[in-house]
Amino acid sequence: MSAHDDQHHHDDHHHDDGHDHGSYRSYLTGFIISAVLTIIPFGLVMSGAVSSAISIPVIVGFAIVQIVVQIVYFLHLHPKSEGGWNLLAFLFTLIILVIVMSGSLWVMHHLNSNMMQPHDMEAMQQ
């Protein structure tokens with residue numbers, strides 16, 4: 001094989017490797033959407049437009065939407081990338097994370113409710 005053939009093969013590998021690396025426009029779009037999704041809940045809370053009981057669900061809702069935007073625009077995880085395997089690996093990771101977090105919270109709640117004895121302050125003062 002000649003040096004020219006090696007160079008040609010090397011160039012082919014980098015031009016179409018099946019990865020979506022994004023463009024300047026897609027990164028800028030993702031940044032603008034993320035900034036807006038940060039500014040809206042901040043403005044709602046700081047202006048007092050939403051009550052304190054509603055502010056937490058509003059913030060969490062905007063945070064979830066912002067996570068999805070960042071996954072699509074910055075991590076480029078969608079069904080077409082790597083034949084869908086990147087998205088499946090990410091979803092598997094999310095499922096494991098939910099299982100571990102919910103299991104940990106469940107165990108801590110039950111340990112707290114079953115192991116902690118209520119304090120009788122009046123009996124302790126006598």
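How many residues does α2 have, and how far does α2 reach from its first C-alpha to its last? Let's start there, everyone. Helix α2 has 24 residues and spans 34 Å between its first and last C-alpha, close to the 34 Å expected at 1.5 Å a residue. That expected span is 1.5 Å times one less than the number of residues.

A word on the background. This is a predicted model, where local features need pLDDT of at least 70 and side-chain atom pairs count only at pLDDT 80 or more, while totals for chains, interfaces and linings use all residues. Residues are numbered from 1 along each chain as its sequence is written, and side-chain values use heavy atoms, with hydrogens and water left out.

Now the overall picture. The protein has five helices and zero strands, so its elements read α-α-α-α-α from the N terminus (helices are DSSP runs of H or I with at least four residues, strands are runs of E with at least two, numbered from the N terminus). Of the 126 residues, 11% are buried, meaning under 20% relative accessible area with a 1.4 Å probe, protein chains only.

Back to α2, residues 24-47, and its partner α3, residues 52-73. Their axes come within 10 Å and cross at roughly 175°. That makes α2 roughly antiparallel to α3, a label for angles over 145 degrees. The axes here are lines fitted to C-alpha atoms over the stretch in contact, with angles from 0 to 180 degrees between N-to-C directions.

Who meets whom? From α2, the residues that meet α3 include Ile33, Leu37 and Leu44; on the α3 side, Val58, Phe62 and Gln66 are among them. Contact means heavy atoms within 4.5 Å. By class, this contact has 13 nonpolar, eight polar and no charged residues. For the classes, Ala, Val, Leu, Ile, Met, Phe, Trp, Tyr, Cys and Pro count as nonpolar, Asp, Glu, Lys and Arg as charged, and the others, Gly among them, as polar.

Which residues of α2 are buried? They are Ser26, Gly30, Ser34, Leu37 and Pro41, and their cover includes α3. Just after α2, glycine 48 takes a positive phi of about 80°.

Is glutamine 66 buried or exposed? Glutamine 66 is buried, with a relative accessible area of 17%. Leaving aside residues up to four places away in sequence, glutamine 66 touches Ser34, Leu37 and Thr38. Its C-alpha lies 7.9 Å from that of isoleucine 33, 33 residues apart along the chain.

Terms used: Buried means under 20% relative accessible area, exposed over 50%, partly exposed in between (1.4 Å probe, protein chains only). Angles under 35 degrees count as roughly parallel, over 145 as roughly antiparallel, 65 to 115 as roughly perpendicular and the rest as oblique.
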